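Here are my notes for you to read with the model open beside them. Take the points in order and find each residue on screen as you go.

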Amino acid sequence: MASSFKLPDLGEGLTEGEIARWLVAEGQEIAEDDPLVEIQTDKATVEIPSPYAGTVLAILVAEGEIAPVGTELVVIGEPGETPSDSLLQAAGAAPTQETGPSNRLLQGSPARTGGGRVQATPVVRRVAQELGVDLAAVAGSGPGGRVTEDDVREAASGGAAEGRREPLRGVRRVIAEHMARAHREVPAVTWVEECDFENVALERLLPTVVKACADALVEFPELNARLDGEAIVYLDRYDIGIAVQTDDGLVVPVVRAANEKSVDELGAEIAALADGARAGSLGAHELRGSTFTVTSAGKLAGLFQTPIVNHPEVAILSIGRVAPRAVVRDGELVVRRTGTLALTFDHRVVDGARAAAFGLAVIARVQSG
């Protein structure tokens, strides 16, 4: 008997995931625990195994689509079996008289369930409301006639699409949603100051700053905190996120207990995490739970940045471009390897004076070597 598989609760408070890649095709035989689908969450790509053995009868959600937890993703049954209309209706696809799951589910069709309800995710419905688009008048191009965000935006523009359109998906979609939420919810302030890096070897610069931040956070607990409703949660762990640019976008692997490690240990761990991030081989546990983030773009960094807080953290520190510059030391003009540190913080949790004091404490530690 055919059974459908729902998107499971992936933990960490996640309520939805993007279908990054199907690892099976309709009509394919699959064994229990064989790789079934890759789900992109706001932290990592998770491979989900099949809970059943059998034949993949119907894929209900296409790659690139967003599915809330509990959404029916795929139907698995016996070879030659046709999913029942009741099963398809429960999965959100309108049953028809056509034969074969591919024709019924994967071609564009009127975006209606058997009861007449428009097929669209909550995100698409919100976009339609914002743009004043009547979903009932939109022909869905997604699986089962589901209305996609592109369908809504094209309808809002009168069908006149300009330029090359590329769906916002995968890591890029996660980044867009994450940054938009942080910018929308966090009243952010950025503090910037110069730092003398003359005594720091460039290959040790990032781990040196990470170590300085981790140690300073012990003295300034409000920068190692969370705002949870009407309460500030002060964390007693110092897990530093390191922003890493990859071909797929920005990811933030986490160095655990950074305050307990030496600069050399941090350097080796950061290098390994960066390599894993670029190779796409990091596990979800290596990308979750940071309490504070450090970012640096090296030679591309510019004089300074105004980084966006990595929600739900309350602060992020960015390293500007480090280069020889003319500075005054003891009344004399000298050339020193100098850069800037920029600290963006959530002003609901962190006062400006405390943020500045934290920044100066980090600089003092870096300059002491």
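1. Let's start with a word you'll need throughout: a residue is called buried when its relative accessible area is under 20%, exposed when that area is over 50%, and partly exposed in between. Cysteine 195 has a relative accessibility of 1%, so it counts as buried. Cysteine 213 is at 0%, so it is buried too. Please keep in mind that this is a predicted model. And how many disulfides are there? The count comes to zero disulfides.

2. Now the whole chain. The chain has 369 residues, and 46% of them count as buried. Take the contacts between residues at least 6 apart in sequence: 61% of those join residues at least 24 apart. The accessible surface is about 18100 Å², and carbon and sulfur atoms account for 50% of that.

3. Is helix 6 largely enclosed or largely open? Eleven of its 15 residues are buried, so the rest of the structure largely encloses helix 6. Among those buried residues are Leu205, Pro207, Val209, Val210, Lys211 and Leu217. Cys213, from point 1, is on that list as well.

4. What do the buried residues of helix 6 pack against? Their partners are strand 12 (240-242), helix 7 (263-279), strand 16 (292-296), strand 17 (315-319) and helix 8 (352-367).

5. Helix 8 comes next. With 16 residues at 1.5 Å a residue, helix 8 should span 22 Å, and its end C-alpha atoms are 22 Å apart, so the two agree. The buried residues here are Ala355, Ala356, Phe358, Gly359, Ala361, Val362, Ile363 and Val366. The cover over them includes strand 9 (188-196), helix 6, strand 16, strand 17 and strand 19 (332-346). Just after helix 8 you'll find glycine 369, with a positive phi of about 80°.

6. Valine 254 is worth a click. It lies in strand 15, which is residues 254-255. With a relative accessibility of 4%, valine 254 counts as buried. Which residues does valine 254 touch, leaving aside its neighbours within four places in sequence? They are Asp239, Ile240, Gly241, Glu269, Leu273, Glu286, Leu287, Arg288 and Ser290. Take leucine 287: it sits 33 residues from valine 254 along the chain, yet their C-alpha atoms are separated by 5.7 Å.

7. On to charges. The structure holds 13 salt bridges. One of them joins the side chains of glutamate 38 and arginine 21, at 2.9 Å from N to O. This pair links distant parts of the chain, since glutamate 38 is in strand 4 (residues 35-40) and arginine 21 is in strand 2 (residues 16-22), 17 residues apart. Glutamate 38 has a relative accessible area of 16%, so it is buried, whereas arginine 21, at 42%, counts as partly exposed.

8. The side chains of arginine 354 and glutamate 222 meet at 2.5 Å, N to O. Arginine 354 is in helix 8, while glutamate 222 is in the loop between helix 6 and strand 10 (225-228), 132 residues apart. Arginine 354 is partly exposed, with a relative accessible area of 32%. Glutamate 222, at 11% relative accessibility, counts as buried.

9. Aspartate 346 and arginine 348 form a salt bridge through their side chains, at 2.7 Å from N to O. Aspartate 346 is buried at 2% relative accessibility, and arginine 348 is partly exposed at 42%. Elsewhere, Asp196, Arg329 and Arg336 are linked in a network of salt bridges.

10. Val192, Leu303 and Phe304 make a nonpolar surface patch of about 270 Å². Leucine 303 is found in the loop between strand 16 and strand 17.

Technical notes. Residues numbered from 1 in each chain as written. Predicted model: local features only at pLDDT ≥ 70, side-chain atom pairs only at ≥ 80, totals over all residues. Heavy atoms only, no water. Helix = DSSP H or I, 4+ residues; strand = E, 2+ residues; numbered from the N terminus. Buried < 20%, exposed > 50% of the residue type's maximum accessible area, 1.4 Å probe, protein only. Contact = heavy atoms within 4.5 Å. Disulfide = S-S within 2.5 Å. Patch = residues over 30% accessible without salt bridge, like charges linked within 9 Å, V, L, I, M, F, W, Y side chains within 5 Å. Areas by Shrake-Rupley, 256 points an atom, 1.4 Å probe, with all protein chains shown as cover. Salt bridge = Lys/Arg side-chain N within 4 Å of Asp/Glu carboxyl O. Expected span 1.5 Å × (residues − 1).
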